[in-house]
Amino acid sequence: MFTISHAQSKMFADLSADWNPMHVDPEAARRVQFGDTVVHGIHALLAALNAMCSNISQPAWRIVALKANFVGPIFQGSSLNIEIKRAQENEYRIALLANGKTVQQIQFSIESTETGAAILQKVEYSQALPDHLSITDALSFNYSAMAPWNVNQARALMPLSAAVPDYQIAALLATTHVVGMKCPGIDSVFTGLQVKFLTPTTSPTLSFSACTTSTDERFNSVALLIKSDSFEARIDGLFREKPVAQPAYEVVKRQVERTAFHTVKALVVGGSRGLGELAVKLLAAGGAQVDFTFARGDKDARRILSELQADGARAACFGFDVTDVSTEQFARLACDYSHIFYFPSPQIGRNDGPFDLKKFHRFSQCYVDGMVNLLNHAARVRQKGSALRVVLPSSVFVTEGKKGFAEYIAAKAAAESCLLQICAKQSNWHAVISRLPAMATDQTAGAASADDVETLAHMTDFVRSAVEG
């Protein structure tokens, strides 16, 4: 068993010159497909090869051919295991499992060499942001460069690199550099590769060229060919859905009168993105005094706050993690809010397998435990009998029993029930539960039926109703 930490992923990003934010920036990664930073596919592949080195008797060997399918994301810190099958004398099959689920399938063949890796020249890149390509742009993609390489970093991360020729490790690093930084670039998902290593007639170089061989807009897929004097790699990748940007404050404030909510003092928990961000902007536009929180979205929250304050809105933001039970963070909360809006959510993903208790507990920790702890604190510090409306946005998924979302539905339904019971125990507390339609957010990118205009209209009606009752 082994793990790949966030720190190791950052080291690999430097080694491979693949600084795609989905691997190294937790704040940016929370807004893309997987909801958190994930391990580079090639990093995991090399780590799996490294873990099985004891099964290879040759002290020095070269890879003849390699095929890998990246079938699922690997979150940093996951428990990783490998299952090894020896197909023939020098042919192996590896299944890489993360928390018990297969995430990579690897096949490769090897042959003995007389010596291990020959040291190649260092090739380092300055850290940069990935290119922004569309699938149309990808059709004409062509790129030539040197494969990234730093022998000291490679040995530190992957001792196997002492037994395998440097140029083969560098070739694999080149594939993730191309996919993560160039094509598809910022919106990439690396789904698989087939590599054939050639026997170089002279000392191999690190020069390579890359181009697109095909795209398919039906699946947002792209196929690439990367070639050098020592290898040929065929790459499969996807363009993932772009993060959803909510309308700017200048647009939102046209939806409400300047004094529509001027008597409201609201706390918006989870207000740095998605529907929470829209609620913050709508309340502020209507003259409310708004405190809003973030767990990991500090940059997003500061951007929103800057927009609001530039227009003279009464707003403040601060970090608040609903899964943190420490008392220190509760000191940041006021004791006289008239409204509390509760938006935080972990990543919502489909599960068509058996009911997943771990996923249910993760949802419950956020929707139930976090909300109950917050409201119990409010009950302790508020003046008895003071009016409070607690607004819990829910989803039509709960009503419809949306297939594939059983854990989410069960946790949301539990949160609704808890809120009703809590408010029933407090004088002058009122629960506002709204099962909203699927709208355009990071959580629903590519799946929501509403566009950003409809989302703003829905949210305007929702906030008005929540405030006014």
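User: Before we count anything, what counts as a helix or a strand here?
Analyst: Both are DSSP runs, numbered from the N terminus: helices are H or I with at least four residues, strands are E with at least two.

User: OK, how many helices and strands are in the protein chain?
Analyst: The protein chain has 14 helices and 15 strands. This is a predicted model, where local features need pLDDT of at least 70, side-chain atom pairs count only at pLDDT 80 or more, and totals for chains, interfaces and linings use all residues. Residues are numbered from 1 along each chain as its sequence is written, and side-chain values use heavy atoms, with hydrogens and water left out.

User: What is pLDDT, and what is its mean for the chain?
Analyst: pLDDT is the predictor's confidence in each residue, from 0 to 100. The mean for the protein chain is 91, and 94% of its residues reach 70 or more. Over residues 445–450, though, the pLDDT is below 50. Where pLDDT is low, the predicted coordinates should not be read in detail.

User: What does the C-alpha trace span?
Analyst: About 85 × 40 × 40 Å along its principal axes.

User: What share of the residues is buried?
Analyst: Of the 469 residues in the protein chain, 52% are buried. Buried means under 20% relative accessible area, exposed means over 50%, and partly exposed is in between (1.4 Å probe, protein chains only).

User: New topic. How many disulfides turn up?
Analyst: Zero, in a search of the whole structure. A disulfide here is a pair of cysteine sulfur atoms within 2.5 Å.

User: Let's go to Thr3. Where does it lie?
Analyst: Thr3 lies in the segment before helix H1 (6–16). Its relative accessible area is 41%, so Thr3 is partly exposed.

User: Which residues does Thr3 touch?
Analyst: Leaving aside neighbours within four places in sequence, Thr3 is in contact (heavy atoms within 4.5 Å) with Gln8, Gly77, Ser78 and Ser79.

User: And how far apart are Thr3 and Phe360?
Analyst: They are 357 residues apart in sequence and 24 Å apart in space, C-alpha to C-alpha.
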